[in-house]
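Student: I would like a close look at a single part of this model. Please take me through the ligand and its surroundings.

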Amino acid sequence: MRHLMNPLDFSVEELERLFNLADDIEANMDKYAHACQGKKLATCFYEPSTRTRLSFEAAMLNLGGSVIGFSDASSSSVSKGESVSDTIRVISCFADICAMRHHKEGAPMVAASKSSIPVINAGDGGHQHPTQTLTDLLTIRSLKGRLDHFTIGLCGDLKFGRTAHSLVNALVRYEGIRFIFISPRELMIPDYITDMLKEKNIPYEEVIRLDDIMPKLDLLYMTRVQKERFFNEEDYVRLKDFYILDAAKMRLAAPDMLVLHPLPRVNEISVEVDNDPRAAYFKQVQYGVYVRMALILTLLNITVD
Ligand code: CP
């Protein structure tokens, strides 16, 4: 039995198989319509979500399975003090696979250690968000045709942004990737990530201004300033509009640069960018369903001929 806690839990070869399966699902949805008949997915979300939870639910329903779970910890027995370990033991009696989001780093890992069904980390605090990374990688591979040899700018809240941390971790395994981290000083990428890049001799720059580096980028990964991770409102208010990607900035970028964003967005991408053909963030959501369908099939060891 396998869990997914971190994008590195899958080798590059296993990811390639997962993405090939996602491609086949996209092209032949009907073929997979009954693949999970009789199987249940539990979505245990201790933190708010729109995309991840509903994308998992849509994925299981597209596969002919069913879904149980909670989207608000206050409506579950956690509000009475039940531990994550006990909750997953109970969920294991009801479901075949579980997607868990938690505000505490490592909580899905604790659940996995006590679980008798596969557990998928659907985002743990400011730590990792592996299925967002699978979504991001599938989007890049589908729209750029490759996962190597590009310069990617990651912009915004790189301190708390778990999607950025997971994506950097995953991309370092591909050839020829150059990172440009664009953030205010207060929200710089953590040292453990830059230390890892130094150790692997992977080129990176840290800058504050977005305009200057726009022409250098093949991909721009925008992120939201994470209000829920700030300790005081004043800091959040000061930093929340630090970057706003608008049509004027997009004019500085290459004609084939792609803009990605895990969403939700707040102000960091102006709505005027949405109609730019380089805006890929809503397509990204669709790829998220295909890759989660592929992931559920893979973790449940279900093959479809
Ligand atoms: N990208 C993402 O994790 O979105 P949600 O918080 O809506 O799930």
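Where does the ligand sit?

Tutor: This is a predicted model. In it, the ligand sits in the largest pocket.

Begin with the pocket itself. About 340 Å³ of space lies within the largest pocket. Its lining comprises 21 residues. Nearest the centre of the pocket are Arg 101, Arg 162, Arg 224, Leu 263 and Pro 264. Two elements give two or more residues to this lining: helix H2 (51–62) and helix H6 (162–171). By class, the lining has 10 polar, 7 charged and 4 nonpolar residues.

Now the shell around the ligand. Ser 49, Thr 50, Arg 51 and Thr 52 are among the residues there. Arg 101, His 129 and Gln 132 also belong to the shell. Pro 262, Leu 263 and Pro 264 complete the list. Sorted by class, the shell holds 5 polar, 3 nonpolar and 2 charged residues.

The side chain of Ser 49 places an N or O atom 2.6 Å from an oxygen atom of the ligand. For His 129, a side-chain N or O atom is 2.8 Å from a ligand oxygen. As for cover, the ligand on its own has 260 Å² of accessible area, and the protein covers 91% of it.

One stretch of the surroundings deserves a second look. Leu 263 and Pro 264 both belong to the shell around the ligand, and both are listed among the lining residues nearest the pocket centre. A cis peptide bond joins Leu 263 and Pro 264, with omega at about 5 degrees. Most peptide bonds are trans. Pro 264 lies in a loop, between strand S9 (258–260) and helix H10 (281–299).

The cis bond joins two residues of its shell, Leu 263 and Pro 264.

Technical notes:
Residues numbered from 1 in each chain as written. Predicted model: local features only at pLDDT ≥ 70, side-chain atom pairs only at ≥ 80, totals over all residues. Heavy atoms only, no water. Near = heavy atom within 4 Å. Polar contact = N/O pair within 3.5 Å; in protein donor to acceptor, adjacent residues only side chain to side chain. Areas by Shrake-Rupley, 256 points an atom, 1.4 Å probe, with all protein chains shown as cover. 1 Å grid on protein atoms, 1.4 Å probe; cavity = no way out; pocket = protein on both sides within 12 Å on 5 of 7 lines; lining within 4 Å. Sits in = over half its atoms within 2 Å of the grid points. Nonpolar A, V, L, I, M, F, W, Y, C, P; charged D, E, K, R; others polar. Points joined across faces, edges and corners; volume = space filled by probe spheres on them. Helix = DSSP H or I, 4+ residues; strand = E, 2+ residues; numbered from the N terminus.
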